Amino acid sequence: MAPVHPSKVYICRQIPTPAVQLLANHCELALWDNAEVAVPREVLLHEIENVDGLLTLLTESVDRELLAAAPRLKIVANMAVGYDNIDLQAAQERGVVITNTPNVLTETTADLTFALMLTVARRVVEATEYLRADQWHTWSPMGLTGLDVYGKTLGIIGLGKIGEAVARRAQGFGMSVLYHNRHRHTRLEETLGAVYKSLEDLLQEADFVCILTPLTPDTHHLIGTRELSLMKQTAILINTSRGPVVEEHALYQALVAGQIFGAGLDVFEQEPVGSEHPLVHLPNVVALPHIGSASMATRTAMAMLAASNLVAVLQGQRPLTPVY
Ligand code: GLV
């Protein structure tokens, strides 16, 4: 009898150990064993020559070139809910299954979205820096005063699972919820009192505009100069989805001109960014290094889901969370 060869999997980064162990129980593994540095493209293209499965992060571009470099590839398991780093059409043409990690990161990402709303509105980072710079000499009646969150109007652009989780949190803060989406969400209109608005009306009426839509050709630069000009001067823009949904230069100008109150950004057009990025310097911006899903439990759950998708497909079963 011919020996049965285990499937080969390449993991593009150091990921939580339980997920590596799960894969090691079923597959022959190779991995880029570094948590902080992405696998160089030329290394990746070489490593995947004979692999059946690939575990990617949002830092890997899964395009035609990459797919052609892995002729045996059956599945790409992306350890992210977003999959704008993947050329779905090219993958479909080659019969490669693509999976993502929805659901397990919903609440954690909603927590961070809400944290940004509170932090920008109440100037938490500015206040911390003020204290660290020994500027706190007395209690000041109007010092570091910001905006309330309680009772305000939240506008969600892209009411999916994470948007719903943010809207639930908003209920606890006595907020009204507006949303703009490709499709009406009648269940949430009934259960959460979410009100559907055109993009223009939402921008004009919301105190907090939260962007939670996936990045697609339709949402690329959805928020630019015109859209920002519709927002209230006291409004705050939060982006925890993908950077290119917002035109950064337009946002910078709106913030500097005081057209809006502030912004909370977990994502950028070109990641990573550093201290040289103009938005990072603004006092009315809270900038984070794409940590929406970064709790220990959630990142472990994402890695386990990606690994489980790989094991399922490589054993001839249906993937748990296919994107198509
Ligand atoms: C993170 O941004 C993700 O898509 O999971």
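**Entry 1: second largest pocket**

I sorted the lining of the second largest pocket by residue class and got five nonpolar, four polar and no charged residues. The model I am reading is a predicted one. Next I looked up which residues these are: Y130, W136, T138, W139, S140, P141, G143, L144 and T145. For the volume of this second largest pocket I noted about 150 Å³.

**Entry 2: cavities**

How many cavities of 30 Å³ or more does the count come to? I found one. The space in the largest cavity is about 30 Å³. Around the largest cavity I listed N239, G243, V246, E248, L251, L265, V267 and L279 as the lining. Sorted by class, the lining of the largest cavity gives five nonpolar residues, two polar and one charged.

**Entry 3: aromatic pairs**

I then searched the whole structure for aromatic pairs and found two. I describe a pair of rings by the distance of the centres and the angle of the planes.

I took F114 and F173 to begin with. Their ring centres are 4.8 Å apart and their planes stand at 50°, so I wrote the pair down as tilted. An angle over 60 degrees would have counted as edge-to-face, and one under 30 as stacked. Where do the two residues sit in the chain? F114 belongs to helix α5, residues 106–121, while F173 is in the loop between α7 (161–172) and β7 (176–180). They are 59 residues apart, and the pair links distant parts of the chain.

Is F114 buried or exposed? I noted a relative accessible area of 5% for F114, which makes it buried, because the cut-off for buried is under 20%. F173 has 28% and is partly exposed.

**Entry 4: the tyrosine pair**

Y179 and Y196 came next. I read 5.5 Å between the ring centres and 75° between the planes, so this pair is edge-to-face. The cut-off I used here is an angle over 60 degrees. Y179 lies in strand β7 and Y196 in strand β8, residues 195–196. The two tyrosines are 17 residues apart, and I recorded this pair too as linking distant parts of the chain.

I checked accessibility for both tyrosines. Y179 has 0% relative accessibility and so counts as buried. For Y196 I noted a relative accessible area of 29%, so Y196 is partly exposed.

Conventions
Residues numbered from 1 in each chain as written. Predicted model: local features only at pLDDT ≥ 70, side-chain atom pairs only at ≥ 80, totals over all residues. Heavy atoms only, no water. 1 Å grid on protein atoms, 1.4 Å probe; cavity = no way out; pocket = protein on both sides within 12 Å on 5 of 7 lines; lining within 4 Å. Points joined across faces, edges and corners; volume = space filled by probe spheres on them. Nonpolar A, V, L, I, M, F, W, Y, C, P; charged D, E, K, R; others polar. Phe/Tyr/Trp six-rings, centres within 6.5 Å; stacked < 30°, edge-to-face > 60°. Helix = DSSP H or I, 4+ residues; strand = E, 2+ residues; numbered from the N terminus. Buried < 20%, exposed > 50% of the residue type's maximum accessible area, 1.4 Å probe, protein only.
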